[in-house]
Amino acid sequence: MNKENSCCSVNRNRQSIQTRENIVQNKETLDKEIKFKEKMVYLSGGEFIMGTNDHEGSPEDGEGPARRMSVSPFYIDRHTVTNEEFMQFVQETGYKTEAEQFGWSFVFYHFVEKNKAKVIQQVPGTPWWLVVEEAYWYQPEGHGSTIDNRMDHPVIQVSWNDAIAFCDWAGKRLPTEAEWEFAARGGLEQKKYTWGDELTPNGKHQCNIWQGNFPYENTNEDGYIGTAPAQSFPTNGFGLYNVAGNVWEWCSDWFTNPTREIDLTESHNHTAKVMRGGSYLCHESYCNRYRVAARSSNTSDSSTGNIGFRCVSDV
């Protein structure tokens with residue numbers, strides 16, 4: 001399996017990036033009325049074994065060693081933030097995402113309409129990622145695309161900074177990586193996936209990932225080529241939807257490797273933030289990061305057609 005992150009996501013690779021990390025740390029934000037709280041699940045926290053020693057793990061990603069961690073009680077969104085919810089945020093605040101400010105974002109080539117969207121370039125080394133002008137959350141594949149029939153799908157084309165801005169408005173925050181994995185495991189211990197050890201138990205698909213020959217043909221066996229609705233497939237043991245596949249989910253943490261003294265953010269100019277869960281582009285032949293211990297990262301200003309987020313709040 002190729003261990004590069006390029007199938008998972010692609011980044012803007014700016015040299016100087018300002019993050020909005022402090023927004024979620026101030027008391028004013030945390031004291032705001034929590035929006036969409038009825039869509040959250042209470043988790044009592046506690047100890048769990050984080051990471052993996054499994055041979056399918058990626059040591060260079062910092063998945064191992066398996067280690068005992070503890071998290072405090074918290075609330076977590078039952079599903080990723082949807083287009084409908086993000087639209088409410090934009091309508092109330094007038095917020096402009098970073099993709100809108102840059103004037104472009106990354107789109108998987110299958111979804112680009114040649115006569116409508118303007119492709120600026122292919123990404124060197126990963127030609128399935130295209131730089132598309134005017135691609136942003138409201139028209140995720142560029143000019144001529146729409147979310148009209150995807151209001152219940154995860155919002156995409158949102159950067160880590162965009163997610164932080166939404167959290168500030170909603171009175172929430174992004175999960176820590178430990179909180180995310182605790183929630184995703186759903187009470188199971190050291191299982192490969194959020195539902196167990198078999199990818200398709202009894203022949204039934206449990207998540208939205210790539211089937212077929214990546215990146216050329218997706219046979220659509222799970223029912224989806226791109227994103228699926230945020231409430232698709234069976235929930236995990238904690239009642240959470242799509243904590244494997246569909247879209248990558250931003251976490252609050254900087255991307256580090258617990259087995260090393262060095263900080264992996266060095267390769268991203270100290271701007272790499274953790275992403276978890278995998279996406280509809282993951283395939284075992286290239287990137288099997290839909291496993292519950294799998295990790296990836298991207299720069300805080302990057303947005304693509306397969307990155308979204310869910311929020312948490314303190315008790």
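## Starting at Val123

In β7, Val123 finds its bridge partner in Thr126. This is a predicted model, so to speak of local features takes a pLDDT of at least 70, and side-chain atom pairs count only at pLDDT 80 or more, while totals for chains, interfaces and linings use all residues. Residues are numbered from 1 along each chain as its sequence is written, and side-chain values use heavy atoms, with hydrogens and water left out.

Val123 itself sits in strand β6 (residues 118-123); helices (H or I, at least four residues) and strands (E, at least two) are DSSP runs, numbered from the N terminus. β6 pairs with strand β7 (residues 126-133) in the antiparallel sense over 5 bridges, and two strands count as paired if DSSP finds at least two bridges between them. Together β6 and β7 make a hairpin with 2 residues between them, and Gly125 in the turn has a positive phi of about 85 degrees.

Val123 counts as buried because its relative accessibility is 13%; buried means under 20% relative accessible area, exposed over 50%, and partly exposed in between (1.4 Å probe, protein chains only). Setting aside neighbours within four places in sequence, Val123 is in contact with Val10, Phe106, Trp129 and Val131, where contact means heavy atoms within 4.5 Å.

## The chain overall

There are 5 helices and 14 strands in the chain. It has 315 residues, and 57% of them count as buried. Take the contacts between residues at least 6 apart in sequence: 74% of these join residues at least 24 apart.

## Aromatics and rings under lysines

The whole structure holds 27 aromatic pairs. The rule is that rings of Phe, Tyr and Trp (its six-membered ring) pair if their centres lie within 6.5 Å; planes under 30 degrees apart are stacked, over 60 edge-to-face, and the rest tilted. One of the pairs is Phe166 with Phe309, edge-to-face at 5.4 Å centre to centre and 70 degrees between the planes. That pair links distant parts of the chain: Phe166 is in helix α4 (residues 160-170), Phe309 is in the loop between β13 (307-308) and β14 (312-314), and the two are 143 residues apart. Both Phe166 and Phe309 are buried. They also belong to one aromatic cluster with Phe36, Phe86, Phe89, Tyr95, Trp137, Tyr138 and Trp169.

Two lysines lie over ring faces. Lys37 is over Tyr75, at 4.6 Å from the ring centre, and Lys273 is over Trp254, at 3.5 Å from the ring centre. For a charge to sit over a ring, NZ of Lys or CZ of Arg has to be within 6 Å of the ring centre and within 35 degrees of the ring normal.

## Helices

The axes of helix α2 (residues 83-93) and α4 come within 11 Å and cross at roughly 75 degrees. Axes here are lines fitted to C-alpha atoms, for helices over the stretch in contact, with angles running from 0 to 180 degrees between N-to-C directions. So α2 and α4 are roughly perpendicular to each other; that label covers 65 to 115 degrees, with under 35 roughly parallel, over 145 roughly antiparallel and the rest oblique. On the α2 side the contact is made by Glu85, Phe86, Gln88, Phe89, Glu92 and Thr93, and on the α4 side by Ala165, Phe166 and Trp169.

Helix α5 (residues 177-185) is mostly covered, with 9 of its 9 residues buried. Among them are Glu177, Glu179, Glu181 and Arg185. After α5 comes Gly186, with a positive phi near 60 degrees.

## An open sheet

Four strands form an open sheet in the order β12-β11-β10-β13, with mixed pairing. β12 (295-299) and β13 are the edge strands, each pairing on one side only. Strand β11 (residues 272-276) runs antiparallel to β12 over 5 bridges, and Ala272 has Thr299 as its bridge partner in β12.

Two cis peptide bonds are worth a look. One joins Gly64 and Pro65, with omega about 0 degrees, and Pro65 is in the loop between β2 (46-50) and β3 (67-71). The other runs from Phe214 to Pro215, with omega near 0 degrees; Pro215 is in the loop between β8 (212-213) and β9 (217-218).

Glu134 is not a glycine, yet has a positive phi of about 65 degrees. Glu134 lies in the loop between β7 and α4 and is partly exposed, at 38% relative accessible area. Asn242, also not a glycine, has a positive phi near 55 degrees. Asn242 lies in the loop between β9 and β10 (248-254) and counts as buried at 5% relative accessibility.
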